[in-house]
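Subject: Structure handover and notes on its pockets

Dear colleague,

I am passing on the structure below, together with some notes on what came out of the analysis. Please read the notes alongside the model itself.

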Amino acid sequence: MTTAEGTGVWAVLVAAGRGERFGVDRPKAFANLNGRPLLAESLERLEASGWVEALVVVAPEEWEEPSILLAEELGAGKVHAAVTGGATRADSVRAGLAEVPAETAVVVVHDAARPLLPEDVLERVVTALGEGWDGAVPALPLADTIKRGDGEAVVETVDRAGLYAAQTPQAFLADTLRRAVAGARDATDCAGFVEAAGGRVRLVEGDRRLLKVTTPADLELVETLLRAEG
Ligand code: CTP
Ligand code: MG
């Protein structure tokens, strides 16, 4: 077990989604990835990270205990708690943040649905904070031509210059994130809350391996990438 004591960085690993688009008999975080739950992959990587001091797993209702057992099996001693998530991702983030000690400087929020978490992305988001930045988001520039549609009709081609696909892990000054998610605003990622609250969020280089598992085909791709990593 690696310890990252003194970094002042806590991670919130959100795994409480139902996985409706994935469509199996259990939550997506517990779908089978090379013989173990999908959640194991990101949990193990956060545990091994030199940037993360402790972490909170946000689990689906009735999957808190299996999450703790999984952490024990993996020897993931940094796992402080497994708490029950909420109806939306934002509710799940709030539930996780409630377990993060008040004096914590930095919080990293990561989707369990993105199992292939490279250490250098964690480094980039954490070290991007400070100097006036409230948050940092790994992102990739869009490669495809982007169309706006209305039903089956193309309305226009959107200029893709300056457009990015945002990933997780996203890092934030903990107090800023707490204040931003406490508000009534709506956003699909944590950075969206911080932006809406007037915070300054920095773009850092993302990684193709951080693809989000949405469908079984995505999981197959992750399995292939994992084998290639060795
Ligand atoms: N998530 C969560 N709590 C929710 C919804 C989502 O913790 N109420 C987490 C998911 O577990 C996932 C991440 O947020 O790790 C991104 O969500 P998504 O990929 O949309 O997963 P699901 O919501 O589970 O999938 P779907 O939208 O197909 O139901
Ligand atoms: Mg969802």
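A polar contact, as the term is used here, is a pair of N or O atoms within 3.5 Å. Please keep in mind throughout that this is a predicted model, and that the values below are computed from it.

By that cut-off, ligand 1 has polar contacts with the protein backbone. One of its oxygen atoms lies 3.2 Å from a polar backbone atom of alanine 113, and an oxygen atom of ligand 1 is likewise found 3.3 Å from a polar backbone atom of alanine 112. For glutamate 20, the distance between a backbone N or O atom and an oxygen atom of the ligand is 2.7 Å. Taken alone, ligand 1 would expose 560 Å², and the protein buries 86% of that area.

Which pocket corresponds to the space taken by ligand 1? It is the largest pocket, for which the computed volume is about 950 Å³. Its lining is made up of 36 residues, and those lying nearest the centre of the pocket are Ala16, Gly17, Arg18, Lys28 and Arg89. The lining of this largest pocket divides into 14 nonpolar, 12 polar and 10 charged residues.

The second largest pocket contains about 180 Å³ of space. Its lining consists of Arg114, Leu140, Pro141, Leu142, Ala143, Ala165, Ala166, Gln167, Arg208 and Leu211. Two elements, strand S7 (135–141) and strand S10 (164–166), each give two or more residues to that lining. By class, the lining of the second largest pocket has 7 nonpolar residues, 1 polar residue and 2 charged ones.

Two details of the backbone may also be worth a look when you prepare the model. The peptide bond that runs from threonine 168 to proline 169 is cis, with omega near 15°, and proline 169 itself belongs to the loop between S10 and strand S11 (170–173). Separately, asparagine 34 has a phi near 45°, which is a positive value in a residue other than glycine; asparagine 34 is placed in the loop between strand S2 (32–33) and strand S3 (36–37).

With best regards

Technical notes: Residues are numbered from 1 along each chain as its sequence is written. Chains are lettered from A and ligands numbered from 1 in the order in which they are written. This is a predicted model: local features need pLDDT of at least 70, side-chain atom pairs count only at pLDDT 80 or more; totals for chains, interfaces and linings use all residues. Side-chain values use heavy atoms; hydrogens and water are left out. A polar contact is a pair of N or O atoms within 3.5 Å; within protein, one must be able to donate a hydrogen and the other to accept it, and residues adjacent in sequence count only if both atoms are side-chain atoms. Accessible areas come from the Shrake-Rupley method with a 1.4 Å probe; for residues, only the protein chains shown count as cover. On a 1 Å grid over the protein atoms alone, a cavity is a set of points where a 1.4 Å probe fits but cannot get out, and a pocket is an open set with protein on both sides within 12 Å along at least five of seven lines; lining residues have an atom within 4 Å of a point. A molecule sits in a cavity or pocket if more than half of its atoms lie within 2 Å of its grid points. Grid points are joined across faces, edges and corners, and a volume is the space filled by probe spheres set on the points. Ala, Val, Leu, Ile, Met, Phe, Trp, Tyr, Cys and Pro count as nonpolar, Asp, Glu, Lys and Arg as charged, and the others, Gly among them, as polar. Helices (H or I, at least four residues) and strands (E, at least two) are DSSP runs, numbered from the N terminus.
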